[in-house]
Amino acid sequence: MQRHVLSVLVENEPGVLSRVAGLFSGRGFNIHSLNVAPALEDGVSHMTITTYGDSQILEQIMKQLHKIVTVIKVTDFEDGPAVEREMMFVKVQAEGPMRGEILRTVEIFRCKVIDVSATEMTIEATGDHSKLEAILSLMHRFGIKEVARTGSVAMRRSKKQSEM
Amino acid sequence: MERTGAQILLESLKREGVNVLFGYPGGAIIDIYDELPRHPELKHVLVRHEQGAVHAADGYARASGKVGVCLVTSGPGATNTVTGIATAYCDSIPLVVLTGQVPTNLIGNDAFQEVDIVGITRPCTKHNFLVKDITRLAQTLREAFFLARSGRPGPVLVDLPKDVMQASTEFVWPEDVSMRSYNPTYKPNLNQLRRSAEEISKAKRPMLLAGGGVILSNGSQALRELAQTLHLPVAYTLMGLGAFPATDPLSLGMVGMHGTYAANMSINHTDLLICVGARFDDRVTGKLTAFAPSARIVHIDIDPTSIRKNVEVDVPVVGDCRLALEGILDICKAKMGDRDWLEEHAEWLRTVAGWKKDHPLCYSNEGTAIKPQKVVETLFELTKGDAILTTEVGQNQMWTAQFYNFTEPRTLLTSGGLGTMGYGFPAAIGAQMAFPDKKVITVAGDGSLQMNIQELATVVQQRLPIKVVILNNGYLGMVRQWQELFFNHNYSSTNMEAQPDFVKLAEAYGAEGYRITTREELLPMLKTALASPNPAFIDVRVEREENVYPMVPAGAALDEMLLI
C-alpha cells in the first residue's frame, strides 16, 4: 500500500466534489486528504488527493477519475519529481518552562507562533507530510489541544537545464 | 422569436431525432405536457409507473440502437426512475431521462415533491445535469444526448425546474457539441492491434469471448468475419447473445455461471482469450484465480476502466469494438494471408467440437409436466428466431439465453448487470414501439412479471401485440434453486402461495389470456396465441422444481460445473 498524491483538474461546477468523493466511497478507495481550490484558469478547480493503494488500485483510481465527465486532467506525482507541502495549525499547552522548549522546537522546524495566551500557543507549520508528522510527534509531550491540517498540495518540479 | 423552456425542450428532442417519449405527467412537468400535443412528431407513451417508462425507453434503445427518452415529474416520479437508470447504467444503454424539478427558488427548501435527484442518481448515471438557467437549456440537452450515445453509452439525467420550463428566451440550437473534459477513444492504437494479431498468430488454442460491447458498437458483422476467417471458436456473455449466431458451428454458447460445458471448458483450456466488449463480471469468470489459467488475454473495450479491473491482461486495446475487430482482421489478412488457419486450429476445433457433442445443453423429459426449456425451444421453433425477445430475471432469463438460438444482435433484451426483475415486460413496450411490425415476446417468470404487471394497461392503450409467455412455477425459481442446492431445501419465502389468475387478469385489462397446462397443448396453443393481433398473457404451468443447468456455484471455478 503505497502513498500517492494525485492532482486533479476539474470543471468548477456544482456537484463536482461530490462526484469525486462519491467515486472514492462508492468503490471502496481511500482518501487520506483532499484539498480543493480555484485553479489558474477561470471555471477550473484544482484538487489534490492523497490516497493509499497498490499499483492495480491506483490504476483504477486514475482511470475512474478520468472517466468522470467533468474531470479534465489527472496526474500522479509518483511519475516524476514533484514538490509537496501541507500547512498545519497546532494548538499546544504552553505553561512555565515548557514555553521556552516549545519556542526552540518552533525555531528548529522554522515554524511560526501565530497566537499565544497565558496557557496555550498556536503554531503554524508548513512542510511535507513527514515533516509535519515529525513536528506533531515532538509536540505530543507538551500536550496537543487541537490540530487543523490543510491536506497536501503538490506541483511537478520544473525540468532542469540538463533534462531539456 | 422567444420560446418557452418547454418549447425549447421539445424542439431540441426533435433535432436529436427523438420520435417516441415514455413518460408520466405531474405537477412539476405540467408545462411540458401542456406543450406536447402541439408536437405530433413526438409520440408519447403513457406508462403506469415511472419505472416502466425507463425500462421501456431502455428496451427501445437496445432494440433500435437509438437513444431512449423518458419524461417524468419531480419527487416520487424521479425516484421511481432510479432502478431503471441503474439497469441501463450497468448494461451501458443510452438513455436521456428528463425529470421535472420544483422551481429554482424553492430548491433546497424541502418543497412539495422535491428530491435531489441529481444527487441520488450521481453514481448510477454516466452524467447528470440540473438546468438552472434557460439560456443553458439547449446546450445542456445537446450535451446530454452526446454523452448518452458516445463512447461507452449510458443513461444521462437532466433535471428541469418548473420555472425554467416556463421562462422564455431565443432558441439557438448549437450545431456542434464538444466537451474538453470528455474525449472517448474510438480508434484503437495500431500497435496494440498488431500485438493482438501477433498473439493470434502464435496461439494454438485461441478463442473469442464477445460481450455487449460488440452489439453496442454494431460490431457483430466484424466479429463474424474475424471468427470465420481465422476459424476461432466464439463464446459470449449474456449481454453478447446475438452478436454471433448460436447456430454457427464455431459458436460455443454462453459462458459463465449457467454457461455451456463447451464454453466454460474452452475458457479453461484456451491459450489465447480475445475478450471483446465484456468486462469480466463475476457471473462470467467464476473464481477469478482459476479463470482462464493457461491463457494470454487480449482485452478490447472502449472504457479503459474495464481493462485490468478484475483480470490481468497481456494486450489491452482501448477503442471501439467494431473498429478493433476490423483492424485485427485487416492485419491478419495483410501479414498472414498465406496461413491455413483451419489446418492450424484443426486439433483445437476438434477438441471443442467434442465438448459440444458430449455435453450439449439438455434437460430431462421425465414426468408429465411441461418443461420450461421446452417452452423456450417451442418459441424458437415457432418464430424461427425472427422475433425480439425480452426476459425478466432469474430462471426464465437463463432458459431463454440457453434454449433460444439467438442469431442476430438486438434480438434479446435482458437486464444483465443489474439483474432487474420487472425489466422485461416494460422493455417489450419500447421494442415494439421501435419495431411495430416485429414479433415481440417477453419470457417471464410468475414472480418477476408481477413487479411491473401494471404496464399491461399501457400495452392495451397503445394496442401493442406483445405476447408474454409466463413460465409459471409458482416459485421465485432461481432463489428456490439456490435454496435447494446450497441451503438444504430451505424454501424460505420463495413459494408464491397466492397468485393472480393471469388469464382473468389479462382479460380484465382488455388483453387476451391463454393457459397451457399439458405437453400436448403447448405447441398448438402457443402457435394460436402468438398469431393473435392482440396483446396476450400466456400462462404456461411448468415443472415446479426444475433447475437451470449447467451451474457453476458462486465462487467456484468455471470447470466445476454442476451438470444435469
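Helices (H or I, at least four residues) and strands (E, at least two) are DSSP runs, numbered from the N terminus. The model is predicted: local features need pLDDT of at least 70, side-chain atom pairs count only at pLDDT 80 or more, and totals for chains, interfaces and linings use all residues. Residues are numbered from 1 along each chain as its sequence is written, while chains are lettered from A and ligands numbered from 1 in the order in which they are written.

**Exercise 1.** Find how many helices and strands chain A has, and give their order.

Solution. Start with the count: chain A has four helices and nine strands. Now read from the N terminus: the order is β-α-β-β-α-β-β-α-β-β-α-β-β.

**Exercise 2.** Decide whether the residues of strand E7 of chain B are buried or exposed.

Solution. Apply the cut-offs: a residue is buried if 20 or more other C-beta atoms, placed from the backbone, lie within 10 Å of its own, exposed if 12 or fewer, and partly exposed in between. E7(B) spans residues 155-161, and seven of its seven residues are buried. One side of E7(B) holds B:Pro155, B:Leu157, B:Asp159 and B:Pro161. B:Val156, B:Val158 and B:Leu160 lie on the other. Both faces are covered.

**Exercise 3.** Which residues stand opposite B:Val158 in the strands paired with E7(B)?

Solution. Two strands pair if DSSP finds at least two bridges between them. Strand E5(B), residues 95-101, runs parallel to E7(B), with seven bridges. There, B:Leu98 is the bridge partner of B:Val158. Strand E6(B), residues 127-130, is also parallel to E7(B), joined by four bridges. Here B:Phe129 stands opposite B:Val158.
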